[in-house]
Amino acid sequence: MSELAAYFHEFNIVTVALRLAMAMFVGAFIGIERGRKGYPAGLRTYMLVSIGAALTMLTSQYDYHMIHGQWAELSAAYGISVDVSRYSAKVTSGIGFLAAGTILVNRGQKVKGLTSAASLWASACMGIVIGAGYYSCILVGFLMILCSNLFLSPVSDWVAEKSRDMNVYVEYTSFGNLKEILGALHQTNVVIYDVDIAKGRKKKGENPSAVLALRLPKHVAHGSVLDLLMKLSCVQEINEI
């Protein structure tokens, strides 16, 4: 058993193929979960990121193996050395531009895609671990990332629902309606500590809108505040953000 474990930690064509296959599998699995929920980055994106990260780590190991093996004399003569950590450091910093592309802000100023961006970055890190051949870490990391995406979403929603702070995007008919909206909230003892107003453009069919930062009284649910505002005839659209 120990001989088999030692073999899989060697650097040869079999272990290289195994690591790339594992990177492709775990990246695709996480990508399928994200893609099913309609996020911009899906199966192919996660698969390619994970494989690319694994290839980067394998390249660094190849350079180290060759410099201390077949090229040892030449490397010693010219003072060539390799830091295997530099490749992986570039991956974790460089993946940021791709992850940023999955973050969207809609017209209601609601930010979407942060979890997908974090998953994409974690997928790249997982590819680095696979490329390094750290097999015991791969399984634990993969399961933790997958469980975070699959099973912790309801927990996150529950925590947000129980919070006394909420942000609400409200779109209304005319600019003067804002006073009516704020008055309705004050009657329910809701504290308004920030208002971000957009006047809108009637020529383009855009109504005025506002993002309200609210502090709710105890035992007042987020849904009841949204229902209160929806009953106002001047309100055209409302979303919690």
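Modeller: Start with a definition: two strands pair if DSSP finds at least two bridges between them. Keep in mind that this model is predicted.

Biologist: What is the strand order in the open sheet, and what is the pairing sense?

Modeller: The order is β4-β5-β3-β6. The four strands pair in the antiparallel sense.

Biologist: Which strands stand at the edges?

Modeller: An edge strand has a single partner strand, so one of its sides is left without a neighbour in the sheet. Here the edges are β4 (191–198) and β6 (235–240). Neighbouring strands of this sheet are turned against each other by 20 degrees on average, direction ignored.

Biologist: Over how many bridges do β4 and β5 pair?

Modeller: Seven, in the antiparallel sense. Strand β5 covers residues 209–215.

Biologist: Now a single residue. Is Ser 50 buried or exposed?

Modeller: Buried means under 20% relative accessible area. Ser 50 has 0%, so Ser 50 is buried. This serine is found in helix α3, residues 43–67.

Biologist: What does the side chain of Ser 50 reach?

Modeller: A polar contact is a pair of N or O atoms within 3.5 Å. The Ser 50 side chain reaches the backbone oxygen of Ala 23 at 2.9 Å.

Biologist: Which residues does Ser 50 touch, not counting those up to four places away in sequence?

Modeller: Ala 23, Val 26, Gly 27, Ser 123 and Gly 127.

How values were computed:
Residues numbered from 1 in each chain as written. Predicted model: local features only at pLDDT ≥ 70, side-chain atom pairs only at ≥ 80, totals over all residues. Heavy atoms only, no water. Helix = DSSP H or I, 4+ residues; strand = E, 2+ residues; numbered from the N terminus. Axes fitted to C-alpha atoms, helices over the stretch in contact; angles between N-to-C directions. Buried < 20%, exposed > 50% of the residue type's maximum accessible area, 1.4 Å probe, protein only. Polar contact = N/O pair within 3.5 Å; in protein donor to acceptor, adjacent residues only side chain to side chain. Contact = heavy atoms within 4.5 Å.
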